[in-house]
Amino acid sequence: SRHAFSCTMSKPLVPVQHRPNRLPVIPVDPIEKDNSPPVDFADEKQLLKHIRPNRWVSVDIGTFRFLRLNWVVTALATIVLWSFVIAVLTSPEDEAETNKALAEFAKWQSWISQNMSWLYIGTQDVWIFYMLYIGYTKYGDIKLGKKYEKPEFTDATWFSMLFACGVGIGLYFFGVSEPMYYYRSPEWIGPMGLVKPGWQNDDQLAQQGMFITFYHWGLHAWIVYVLIAVLLGIVCFRWDMPLTLRACFFPLIGDVIYGPVGDAIDALSMACTTFGVCTSLGLGVKQINAGMSHMDSSISSVGQEGEDWQVGIIWVITFIATASVVSGLQIGLKLLSQITFSLGCILMLCLLYLDNTWYLLNLFVQSIGYYFQWLFQVGFETDAFQQLNYEFELGGNYLADSGNHRLYKQLTEAVSSVTGKPEELASPSEFYGSSTKSFLDWWTIFYWGWWIAWAPFVGMFMARISRGRTIRQVLIGAMMAPMFYGFFFLTVLGGLGIKMQRAVELALDAPPLPGGHPDCVKLGYENLQAVSPEAIALEKIGYRALACRGFDNPIFDVVEPYGEDMAEFLKILILMGLVLYFITSSDSGSYVDDTLSAGGMLHPPVVQRVYWAVTEGACACALLVGGKDQALRGLRAVSICSGFPYTFMICFMCTALWRALKWDCMEDDIHRMTRFNTGLFDWTEGFQPRMGGPPVGERVQSILISFFAPYVTMHETNMKLFGTLGWFHTLGMAAFFLCWIGLLIGEVDTQYTSYIGWMMFTVFAAWQTGIRMKARRAWDVYGWALEDFFACFVMWPFVSSQLHLQCKHVPDFINDPNEVVDNFKDYPIQLPQHNTKEVPLMNLSTPPMQQVERQSPEPVNGVSQTMPNFTYVQQPGMQQPQPFMDPSMHSQHMMMPPQQPHYGSYPMAPGYGNMWAAQA
């Protein structure tokens with residue numbers, strides 16, 4: 001018997017009985033893959049089965065492996081990263097002495113946060129619910145690997161490596177300063193300070209500081225890592241594909257991932273990885289420099305001298321990280337992660353026992369309760385009314401179609417036309433007592449962009465070290481456990497920071513200003529330093545007003561009260577932790593960049609690892625040197641900008657993961673269905689996908705007509721689906737499409753007509769969506785409504801052409817398009833047999849359960865076509881055996897009967913990775 005892994009863990013799966021001449025939704029056999037041994041992608045021959053030959057570069061110098069890379073991906077990523085370095089380092093400064101290149105990034109950041117807050121906030125919440133559902137349903141039992149594979153690392157080592165690459169430096173940098181920022185917010189944040197729901201007195205403001213810190217470092221932080229890790233684990237480890245980010249999209253677009261689309265995905269992932277790591281490196285090096293200055297006053301952490309120190313630190317640590325990445329995952333990164341994690345635990349426990357232990361434990365338990373109490377409400381908070389103030393103030397308005405202070409000018413000019421005097425609007429923050437409109441821009445959106453920018457490399461790294469574990473284990477061990485550990489770390493550091501701030505305020509009789517702002521003048525601080533005799537006296541016994549000390553210093557200040565010797569010891573622990581987290585972040589980022597550039601090769605050449613480590617160091621230096629005093633702002637801007645496009649990609653990954661799970665569990669609905677005979681992205685490969693299809697000339701003609709007149713190409717489909725009512729649908733679509741074009745042109749003479757035009761286009765896209773949904777039902781094509789609408793809204797010419805060619809070349813319906821379908825049916829995993837009256841099985845003379853050898857097809861483009869055997873499965877009550885598709889390469893499709901195979905009106909041509917013309 002061929003027993004495969006079952007999602008329910010109760011009984012073996014039965015191979016699905018595919019219908020003849022039907023394209024499988026995902027061209028892979030999960031049962032066969034689960035029973036086959038893992039593929040070793042350190043073997044170049046195995047890797048080349050998944051890379052187009054014209055993209056692979058393999059260079060040896062004697063017996064030394066010099067290069068193994070996908071030159072397209074490497075070139076794209078190199079151009080993006082080094083162009084950024086050159087642009088920042090050579091960019092002049094503006095009037096405000098700000099690097100113009102980084103200032104431009106800051107504008108992009110503001111545009112994204114002002115226009116896309118709803119997207120960042122909403123998607124993070126949806127991803128959390130989605131992954132929790134997957135983890136705690138039947139899908140949580142699926143293993144990231146073959147059914148017999150065991151985890152490569154112990155639980156302790158696995159957790160330390162996850163934590164080292166997942167958060168690292170950020171906990172040290174923000175552990176004290178972030179809660180303090182929310183508790184004693186600066187005056188520019190608004191007259192009422194930072195006020196979220198449920199906070200009234202100073203105790204609650206302190207709790208607010210802890211809650212928002214937890215919010216930024218909790219579920220929302222780890223969810224993007226886990227989502228990508230689980231998807232990669234299913235596709236790469238269960239289905240034997242190289243570990244690259246393009247593999248995430250295989251369940252959606254199939255072989256297209258091996259063309260330009262996949263190259264762009266991997267290159268973008270490398271850019272996101274590098275920019276995300278650079279943000280952490282930039283934060284870490286500033287704090288390392290501040291710590292060195294704490295321990296040796298001759299070392300400066302400000303000005304040109306401080307910048308020189310920071311650049312030197314980056315290159316020294318980059319050299320160490322390079323040595324680590326060269327030594328490999330098992331030696332370098334594993335050992336460093338264990339040491340780094342242990343140092344963090346020692347620091348945390350020392351502080352816990354040295355200070356008021358019971359206060360810290362109380363605060364941890366209390367903060368957990370507040371976190372889960374307010375998570376749902378604050379998790380959806382987009383500061384809608386605060387961000388509305390962009391329209392009522394001068395400066396900083398980047399809202400789409402309302403920029404250039406249009407509303408502000410209209411209001412003031414209308415009033416001044418009556419009064420005869422120039423008018424200005426009152427500050428809305430003071431007028432309404434609201435907090436600053438820029439909070440999301442500076443904090444929440446920055447964090448979400450930062451996590452997303454890190455997602456490609458942490459998700460990929462997490463998948464690599466989680467092989468052999470189930471989805472539920474990854475969800476608990478790689479999201480819940482690190483989250484609660486991070487909460488305790490933040491509670492210790494943040495709680496001690498709040499305690500120290502209160503102690504200094506009480507000692508100096510300097511209560512906070514209205515809104516919770518620190519009164520730094522009364523506290524005796526100027527330019528981050530104590531200047532009054534009272535403040536200096538408190539400083540000597542280790543107490544400082546942390547709210548007046550900036551971001552780099554508080555973590556070193558908070559260990560001062562325990563005596564000079566103990567403070568020195570704790571500062572050394574902090575510095576060692578920062579340096580090692582710096583190294584592990586750079587190390588793991590370089591490892592992932594190197595793997596992606598090498599097409600998923602398990603052990604790429606050493607030269608490539610060195611190159612990517614140096615590139616990361618150069619980007620971090622460019623940000624610090626170019627940004628100078630505004631370096632932190634530049635780091636934030638780059639993170640948000642690089643993470644923005646990946647937000648959309650992760651949304652598509654959610655759909656891909658859902659398909660992959662259902663396919664791997666052999667669920668009836670997806671295995672019984674098919675897909676369209678053409679793909680929306682086939683144009684990226686010259687309209688010649690590996691599955692064959694209509695002639696290239698016909699496809700080009702159909703696309704061109706669809707671009708200018710989509711209603712023309714859809715008319716045949718409308719008539720077939722709706723009969724005589726097809727004319728109504730064609731004319732209706734034509735009316736809305738032409739009105740859209742006309743109203744866009746009309747904007748030249750009449751303001752606002754373009755907005756009505758976009759309303760018309762939205763109706764057109766919704767109409768096309770309805771037709772595509774009906775077509776999917778008629779031809780039994782797998783998908784769902786949201787996919788259809790997004791495709792129609794963004795790629796309407798390709799959708800029109802797809803429906804036209806499907807109708808022309810596959811004229812016979814599978815189902816009645818007018819039949820009402822229950823879309824919420826709970827499909828069983830154990831698949832029922834076919835109704836042989838409706839769908840006749842292939843008439844094969846081979847006896848049941850007999851293995852039939854086949855001749856492999858001729859090599860195509862220099863790549864051999866490995867041909868696996870058919871396996872015929874006899875089920876109870878079935879008179880004839882049914883062949884089950886068994887792909888061994890990245891586009892193996894359903895096997896066909898011995899005669900020349902057809903799908904609709906055209907024969908399917910053999911080609912690279914194509915089994916359509918195989919002879920049984």
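Me: Is Lys107 buried, partly exposed or exposed?

Reply: Lys107 counts as partly exposed, because its relative accessibility is 39%. Buried means under 20% relative accessible area, exposed means over 50%, and partly exposed is in between (1.4 Å probe, protein chains only). One caution: this is a predicted model, where local features need pLDDT of at least 70, side-chain atom pairs count only at pLDDT 80 or more, and totals for chains, interfaces and linings use all residues. Residues are numbered from 1 along each chain as its sequence is written, and side-chain values use heavy atoms, with hydrogens and water left out.

Me: Where is Lys107 placed?

Reply: Lys107 is in helix α4, residues 100–135. Helices here are DSSP runs (H or I, at least four residues), numbered from the N terminus. Lys107 is also 8.2 Å from Ala637, C-alpha to C-alpha, though the two are 530 residues apart in sequence.

Me: New topic. How many salt bridges does the structure hold?

Reply: It holds 34. A salt bridge is a side-chain nitrogen of Lys or Arg within 4 Å of a carboxyl oxygen of Asp or Glu.

Me: Which residue forms a salt bridge with Glu149?

Reply: Arg467, with the closest N and O atoms 2.8 Å apart. Glu149 lies in the loop between α4 and α5 (155–166), and Arg467 in the loop between α19 (444–465) and α20 (471–507), so the pair ties together parts 318 residues apart in sequence. Glu149 counts as buried, at 12% relative accessibility.

Me: And what about Arg772 and Asp788?

Reply: They form a salt bridge too, and their closest N and O atoms are 2.5 Å apart. Arg772 lies in helix α32 (residues 753–779) and Asp788 in helix α33 (residues 785–794), so the pair ties together parts 16 residues apart in sequence. Both Arg772 and Asp788 are buried.

Me: Which residues are linked in a network of salt bridges?

Reply: Glu539, Arg544, Arg549, Asp557, Glu560 and Lys571.

Me: Rings next. How many aromatic pairs are there?

Reply: A search of the whole structure finds 74. Rings of Phe, Tyr and Trp (its six-membered ring) pair if their centres lie within 6.5 Å. Planes under 30 degrees apart count as stacked, over 60 as edge-to-face, and the rest as tilted.

Me: What kind of pair do Phe214 and Phe487 form?

Reply: A stacked one, because the ring centres are 4.1 Å apart and the planes are at 0°. Phe214 is in helix α8 and Phe487 in helix α20, so this pair links distant parts of the chain, 273 residues apart. Phe214 is buried, with a relative accessible area of 0%. Phe487 also counts as buried, at 0%.

Me: Which ring does the charged end of Arg469 sit over?

Reply: The ring of Trp158, 4.0 Å from its centre. The charged end of Lys720 sits over the ring of Phe813, 4.8 Å from its centre. The test is NZ of Lys or CZ of Arg within 6 Å of the ring centre and within 35 degrees of the ring normal.

Me: Last one. Which helix supplies the largest share of the nonpolar patch?

Reply: Helix α25, with three residues. The patch is Trp315, Val326, Val606, Val610 and Val614. Patch residues have over 30% relative accessible area and no salt bridge; like charges are joined within 9 Å, and nonpolar side chains (Val, Leu, Ile, Met, Phe, Trp, Tyr) within 5 Å. Val606 is in α25 and counts as partly exposed, at 34% relative accessibility.

How values were computed
Areas by Shrake-Rupley, 256 points an atom, 1.4 Å probe, with all protein chains shown as cover. Helix = DSSP H or I, 4+ residues; strand = E, 2+ residues; numbered from the N terminus.
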